[in-house]
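Walk me through this model, chain by chain.

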Amino acid sequence: MDTFAPDLQEKIQSELTRYETPRSAILPVLHLIQDYYEWIQPDHVAWLERDFGLSRVHVQEVATFYSMYRLEPCKPFRILFCDNLVCAMMGAEKVMDKIRDHIGSFPEGKCPFSLQGVPCLGVCDGAPAMLVNKDRHLKVNRDNVDAILASYKV
Amino acid sequence: MEFPKILTRFENIPNSRALATYEKHGGYEAARKVLGQKPEEVIALVKDSGLRGRGGAGFPTGLKWSFVPKSADTVYLLCNNDEGEPGTFKDRYILELSPHMLIEGMIIAAHAIGAKKAYIYTRCEFYDEIRWMNEAIEEAYKAGYLGANLLGTKLHIDLDHYIGAGAYICGEETGLISSLEGKKGQPKLKPPFPAVSGYLGKPTIVNNTETLAAVPWIITHGAAAYKAMGTEKSPGTKLFCVSGPVKKPGVFERPLGYPLKKLIFEDAGGMIDGKQLKAVIPGGASAPVLLPAEIETLTLDYEAIAAAGSMLGSGAVMVIPHDQPMMELLRILVNFFHHESCGQCTPCREGTGWLANIVQGVEEKTALPEDIEKLYQIALHMEGRTICALSDAAAMPTKAITKKFADELKQTIYANSRLGG
Amino acid sequence: MADTVTFRLNDKNVTVPKGWTVMQAAKQEKVDIPHFCWHPGLSVAGVCRFCMVHVQGARKLEIACNLQATEGMVVRTDTPEVKEAHKWGLEFHLINHPLDCPVCDQAGECGLQDFYMEVGKYPSQMTRPKVLKPKAVDLGPRLILDTERCILCSRCVRFEEEVTKTNALGIFDRGDRAIIGTYGEEKIAHNYQENLVDICPVGAFTSKKFRFKQRVWFLQEKSTICPGCSTGCKIQVHARTDRRTYYRVKPQTDEAVNGFWMCDKGRDTITHLNRESRLPQAQMMIEGKKQTVPVPQALNSLQRAIAAAGAQHTALLVSAHYTVEEYQAFFDYFCTQLGVKTIYQWRGDKEDRDAFDGILWRGDENPNTAGLLASLSQIQGRKVEARNELVACVAQDPKVLIALCPEVPFTSTWFQGDLAKLEGISHVSLWTCRYEATEAAGITSWIPMKGFAEKTGHFLNYQGAKRELEEAFPSAAASALSVVEAVQQLALPQPSVTL
């Protein structure tokens with residue numbers, strides 16, 4: 001395949017005309033691509049220039065600037081665990097250790113999870129908090145985290 | 001005790017996000033009322049109310065609106081819903097309770113400044129809230145509150161929802177504008193100010209979600225009613241986010257000038273597990289930390305907190321317990337700002353990295369007690385030197401922690417060093 | 001409304017046009033405000049935060065580059081607070097800088113070095129490991145980028161955006177991980193690459209051609225005009241006279257013609273000037289063999305040939321690479337004094353004279369077409385159009401031909417092919433700066449000429465604007481002459497040399 005899937009192309013096209021300038025669509029378009037392919041591949045950036053006229057330097061600048069864009073292949077379930085002030089005070093590091101154990105319990109290469117510490121998720125009243133893909137989990141602790149993760153199956 | 005409910009008036013109301021619920025409780029009446037008025041009248045009313053920006057800086061909202069040049073043909077209204085200041089979760093709460101309150105506030109603000117196009121900029125991690133907001137926008141369009149000839153007038157206001165991608169700096173108003181332009185979220189040089197040259201070089205007003213959501217109430221109840229609450233210089237109510245090891249963490253709407261201790265120990269139920277209060281961060285991660293002695297009589301308004309050497313900021317009150325090592329807190333803070341510095345201004349780019357680098361030395365057992373003074377000096381010279389306030393946001397808490405907890409930090413270094421450990 | 005403002009800069013009242021920044025005013029007043037990201041030819045970025053000045057009544061220091069001068073403003077560049085800001089500003093620039101000055105080509109002309117002596121923080125308090133980034137990145141045929149030396153001033157990014165409009169460079173990632181670069185492995189391909197080296201305030205961008213060649217403090221600089229095309233960019237040639245070697249060309253600011261820039265082709269116009277490419281001395285074909293001779297001997301032989309053939313059988317073939325002063329001396333002597341009437345232009349057949357790249361380079365790659373045409377018009381008494389007249393010249397069947405050869409080899413690739421067409425003329429005297437590719441059957445003598453950087457005078461550029469070759473290096477070829485000097489020798493009374 002040397003371009004985006006047809007249904008995605010259509011969505012990209014409509015984003016490009018949605019804002020005052022096509023460049024304004026760079027963030028939304030990258031979200032679309034990421035939602036579609038899980039991660040943003042080098043080819044995607046090149047295609048955005050070739051097929052949609054977005055400067056690849058501009059696109060790449062954006063893709064590398066914002067931390068929620070994934071520029072490498074990723075696991076099916078991505079745990080973004082808040083390790084900022086409040087969650088840290090509420091024991092985030094210990095829960096993350098538990099998650100690391102959970103991840104370590106899978107046979108090599110079979111673990112569907114990745115774990116990453118992220119800045120504040122804006123739910124400090126539910127600290128410690130994490131996202132698993134787009135699901136938010138609050139008050140995650142050493143006792144409930146295994147059960148939460150167990151609900152994610154490939 | 002009962003407190004005025006402006007932003008939280010949909011608490012405990014079932015199905016509060018639905019348009020029908022909002023309408024049932026007088027929703028969009030303020031917009032209806034305002035659209036027949038001249039923009040100047042609306043601005044004057046908001047000025048009179050004394051409403052100040054709730055994003056952190058506390059700039060008078062009506063005054064900000066009045067900066068848009070009268071001759072401007074294209075004006076944009078942007079709602080800063082990027083809520084990224086650690087400890088802050090109030091805007092999220094507004095979306096959870098009543099996204100229509102925000103939409104109505106934006107219709108009024110757009111009319112006041114002459115904007116035909118408005119955007120809400122939301123951080124992408126708010127997946128549920130984004131969905132709720134989108135649904136509300138769709139409802140509002142269908143019901144004729146947005147789009148052409150809205151509410152039967154000749155006005156045309158379009159509202160779109162733009163989603164960020166993980167960058168704290170986009171909460172800075174010109175960083176947000178850059179991001180909306182599809183660029184890296186790097187703040188823009190001022191002057192020119194956004195009210196003159198903002199999104200795509202057009203006059204642009206950026207207001208925080210909480211600010212805009214307060215506007216319908218002010219229109220309905222009048223400036224005097226709003227001003228009757230809070231303090232003279234900080235009128236109205238504010239959402240305070242209490243977090244940390246307290247019994248009832250959450251969002252509390254209180255009049256400005258409310259006692260901080262009361263908020264922590266009564267409203268939020270005090271500390272859990274018999275913990276003692278070690279310090280409080282009163283306004284988000286960038287606000288300098290305050291000691292228990294400093295908050296004894298402290299009230300939550302812009303002036304009082306500034307006088308105490310910190311800032312009201314976003315109203316994020318983070319409670320720090322006695323067993324919290326301050327070096328760990330400092331590490332998290334400097335790492336956060338290091339991670340989030342956009343990198344364009346040298347003092348911030350290099351300074352945040354340097355702070356984080358030195359604190360890393362503690363972990364590597366290479367730090368020296370004098371590094372604490374060095375951290376202070378670096379922070380001191382990062383302050384007031386950059387395009388935006390991120391550098392200051394990193395510097396201020398660093399200065400406060402290294403000053404107020406110097407002994408503890410030095411002990412940590414010693415205990416962690418090859419000498420001590 | 002007044003269109004100027006007067007404000008106080010240190011101890012002086014300064015009047016500047018309305019809208020000027022304090023930085024622009026300071027530049028005009030020769031008040032030094034240290035800076036990295038500001039460049040007069042680019043938009044204001046305001047990111048290095050180094051040009052801090054004190055404004056009376058302001059809450060904090062302001063950056064001069066984005067501070068519009070207003071009536072009555074009181075600005076100081078030398079308060080203790082400003083000095084402290086400079087000290088720390090520089091320290092922030094240096095904490096992750098590799099400080100590899102001994103191997104850095106920028107040494108001697110580096111902003112970091114220059115300011116350190118003045119405002120640096122002694123001793124540095126940076127004791128932690130530095131951020132490591134890619135080094136020696138190949139960014140194009142002429143460019144190497146060291147991203148560790150880079151201070152992220154964004155001049156290069158703005159240049160690619162605003163001047164070449166190629167958007168070839170970006171700053172990727174953020175914070176102190178930010179890195180300048182192209183997309184992927186892409187190379188910068190345009191004709192203005194070395195401007196990036198010029199505007200880089202540190203040694204991040206270096207020129208592949210100049211890299212590791214020479215310490216800049218050994219170079220002498222002469223101000224002249226680029227001979228690469230008819231734009232006539234004001235340039236500075238850098239050379240070591242003790243080694244008779246030319247090292248590099250830099251643009252000089254000339255707002256009306258080239259602004260702050262020049263093209264890469266122009267940078268190569270010194271290559272042929274170096275000794276190894278030069279015709280070192282005069283040469284003559286003597287009894288079928290090419291022999292080195294003293295210049296006067298070669299000139300005498302030419303004179304005798306003209307005397308024998310007569311002015312009516314003598315022709316001049318003239319390329320547009322010489323100064324107006326040289327043309328005047330040349331035509332004065334040959335036409336006015338000797339009475340030669342057959343004068344031909346010599347230029348490429350296939351040139352696209354009207355081509356223009358939108359920035360600086362023009363398709364007429366002769367530096368003085370306008371000057372030559374003006375001189376010819378004077379002599380011939382009619383307006384002369386630019387065209388190659390070699391064929392017409394040969395068709396005249398002259399017995400003696402004096403050919404002023406094009407100087408810059410890569411803009412006159414037609415030269416060697418044309419030489420072959422001169423066979424059959426009994427005396428051909430080639431006046432040439434270059435040595436290579438001047439061999440052809442039928443050439444009688446070779447007179448060594450000075451290159452553009454070795455003579456003064458002026459060109460007329462494509463607009464007819466006077467472009468002054470202000471300063472001259474001593475010639476790398478010892479016996480080389482300018483046309484003016486050669487003609488002066490010819491005009492001397494005949495020496496009584498017996499050949």
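A residue counts as buried if 20 or more other C-beta atoms lie within 10 Å of its own, as exposed if 12 or fewer do, and as partly exposed in between. This is a predicted model, and that cut-off is applied to it here.

Start with chain B and its backbone angles. B:Y28 has a phi near 65°, a positive value in a residue other than glycine. Where does B:Y28 lie? B:Y28 sits in the loop between α1 (19-24) and α2 (29-35) of chain B. Is B:Y28 buried or exposed? B:Y28 has 22 C-beta neighbours inside 10 Å, so it counts as buried.

Now compare a residue of chain A. A:N133 has 14 other C-beta atoms within 10 Å, so it is partly exposed.

Return to chain B for the peptide bonds. The bond from B:K190 to B:P191 is cis, with omega near -5°. B:P191 and B:P192 are joined by a cis peptide bond too, and there omega is about 0°. Which loop holds B:P191? B:P191 is placed in the loop between α8 (173-180) and β4 (204-208) of chain B. B:P192 is likewise in the loop between α8 and β4 of chain B.

Helix α15 of chain B comes next. Helix α15(B) covers residues 346-363, which makes 18 residues. At 1.5 Å a residue, those 18 residues should span 26 Å; the end C-alpha atoms of the helix are 26 Å apart, so the two values agree. How many of the 18 residues of α15(B) are buried? The count is 15 of the 18, so α15(B) is largely enclosed by the rest of the structure. After α15(B) comes B:K365, with a positive phi near 60°.

Step back to the domains. The domain assignment divides chain B into domain 1 (19-224), domain 2 (240-321) and domain 3 (326-416). Between domain 1 of chain B and domain 3 of chain B, the C-alpha centres are 35 Å apart. These two domains touch: the contact takes twelve residues from domain 1 of chain B and eight residues from domain 3 of chain B. On the side of domain 1 of chain B that touches domain 3 of chain B, six residues are nonpolar, four polar and two charged.

Chain A is assigned domain 1 (6-65) and domain 2 (77-150). The C-alpha centres of domain 1 of chain A and domain 2 of chain A are separated by 30 Å. For chain C the assignment lists domain 1 (4-78), domain 2 (97-214) and domain 3 (280-491). In chain C, the C-alpha centres of domain 2 and domain 3 lie 43 Å apart.

Chain C also holds a sheet. Strands of a sheet pair through backbone hydrogen bonds, either parallel or antiparallel. Which sense does the pairing of the three strands take? The pairing is antiparallel, and the strands form an open sheet in the order β11-β12-β13 (chain C). At its edges are β11 (220-225) and β13 (245-251) of chain C, each pairing on one side only. From one strand to the next, the twist averages 30°. Strand β12 (residues 234-240) of chain C pairs with β13(C) over six bridges, in the antiparallel sense. Within this part of the model, C:A239 stands opposite C:Y246 in β13(C).

Last come the contacts between chains. Chain A gives 34 residues to its contact with chain B, and chain B gives 42 residues. On the side of chain A that touches chain B, the elements giving two or more residues are α2 (26-37), α4 (56-65) and α5 (85-89) of chain A. Which element supplies the largest share of that side of chain A? The largest share comes from α2(A), with five residues. By class, the side of chain A that touches chain B has 22 nonpolar, six polar and six charged residues.

Chain A meets chain C as well. That contact takes ten residues from chain C and nine residues from chain A. The side of chain C that touches chain A divides into five nonpolar, three polar and two charged residues.

How values were computed
Residues numbered from 1 in each chain as written. Chains lettered and ligands numbered in written order. Predicted model: local features only at pLDDT ≥ 70, side-chain atom pairs only at ≥ 80, totals over all residues. Pairing = 2+ DSSP bridges. Helix = DSSP H or I, 4+ residues; strand = E, 2+ residues; numbered from the N terminus. Axes fitted to C-alpha atoms, helices over the stretch in contact; angles between N-to-C directions. Contact = placed C-beta atoms within 7 Å. Nonpolar A, V, L, I, M, F, W, Y, C, P; charged D, E, K, R; others polar. Domains from an automatic or database assignment. Expected span 1.5 Å × (residues − 1).
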